[in-house]
Amino acid sequence: MNYQAAKDFILEKLRTELADELYYHGLHHTLDVLAVTEELAELLDIAPHERVLLRTAALYHDAGFTVSATEHELRGCEIARAHLPGFGYRPADIERICGMITATKIPQSPQNQLEEILCDADLDYLGRDDFYPIGATLFDELHARKVITQR
């Protein structure tokens, strides 16, 4: 597996293809989830191979927003399935990555430790000091996308 190439690919895709009104689900969110995922994997002493899968899932978990906000987890899996084989990821590993990605769909439904870690990392801001400013970006994004109409 060439994690660095898979990372470079998806970061460039996110950098260039995410809509401007994704105030919450922007590149900064993906990088935040990646950092928290790495912290949790270290604390929980996750094996090296699983860490690569977990880090890859963190990077690809919201990639579907480059296609559509609707069912973005499934779109992210489509992107992973289309591109990760080119970076040397095996089909079984890609399916584990997709399991982690789909587990983040609200309401979350993790079925194993790696899925739990990604779900926790995805919503980590809920328990942090920066909750209010991050929450405001989610509100702004939902308002811009007309998911909510009240201010």
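Modeller: The discussion below takes up the pocket, the helices, the loops and some individual residues in turn.

Modeller: This is a predicted model, in which local features need pLDDT of at least 70 and side-chain atom pairs count only at pLDDT 80 or more, while totals for chains, interfaces and linings use all residues. Residues are numbered from 1 along each chain as its sequence is written, and side-chain values use heavy atoms, with hydrogens and water left out.

Colleague: What volume does the largest pocket have?

Modeller: Rolling a probe the size of a water molecule over the atoms shows where empty space is left. A pocket is an open set of points on a 1 Å grid over the protein atoms alone where a 1.4 Å probe fits, with protein on both sides within 12 Å along at least five of seven lines; lining residues have an atom within 4 Å of a point. A volume is the space filled by probe spheres set on the points, which are joined across faces, edges and corners. Here the largest pocket has a volume of about 300 Å³. It is lined by 18 residues, of which His25, Phe65, His72, Glu73 and Ile106 are the closest to its centre. Helix H4 (72–83) and helix H7 (131–144) are the elements that give two or more residues to this lining; helices are DSSP runs (H or I, at least four residues), numbered from the N terminus.

Colleague: Which classes of residue make up the lining of the largest pocket?

Modeller: The lining has eight nonpolar, four polar and six charged residues. Ala, Val, Leu, Ile, Met, Phe, Trp, Tyr, Cys and Pro count as nonpolar, Asp, Glu, Lys and Arg as charged, and the others, Gly among them, as polar.

Colleague: Against which helices do the buried residues of H3 pack?

Modeller: Buried means under 20% relative accessible area, exposed over 50%, and partly exposed in between (1.4 Å probe, protein chains only). The buried residues of H3, including Val52, Leu53 and Leu54, pack against helix H1 (3–17), H2, H4, H5 and H6. Leucine 54 is buried because its relative accessible area is 0%. Contact means heavy atoms within 4.5 Å; leucine 54 touches Thr37, Ala41, Met100, Leu114, Ile117 and Leu118, not counting residues up to four places away in sequence.

Colleague: Is threonine 66 buried or exposed?

Modeller: Threonine 66, in the loop between helix H3 (48–60) and H4, is buried, with a relative accessible area of 15%. A polar atom of its side chain lies 2.7 Å from the backbone oxygen of alanine 63.

Colleague: What is the phi of aspartate 45?

Modeller: Aspartate 45 has a phi near 55°, a positive value in a residue other than glycine. Aspartate 45 lies in the loop between helix H2 (27–43) and H3 and is exposed, at 62% relative accessible area. Glutamate 71, also not a glycine, has a positive phi of about 55°; at 33% relative accessibility, glutamate 71 counts as partly exposed.

Colleague: Which peptide bond is cis?

Modeller: The bond from isoleucine 106 to proline 107 is cis, with omega near -5°. Proline 107 is found in the loop between helix H5 (91–103) and helix H6 (113–122).

Note on methods. Polar contact = N/O pair within 3.5 Å; in protein donor to acceptor, adjacent residues only side chain to side chain.
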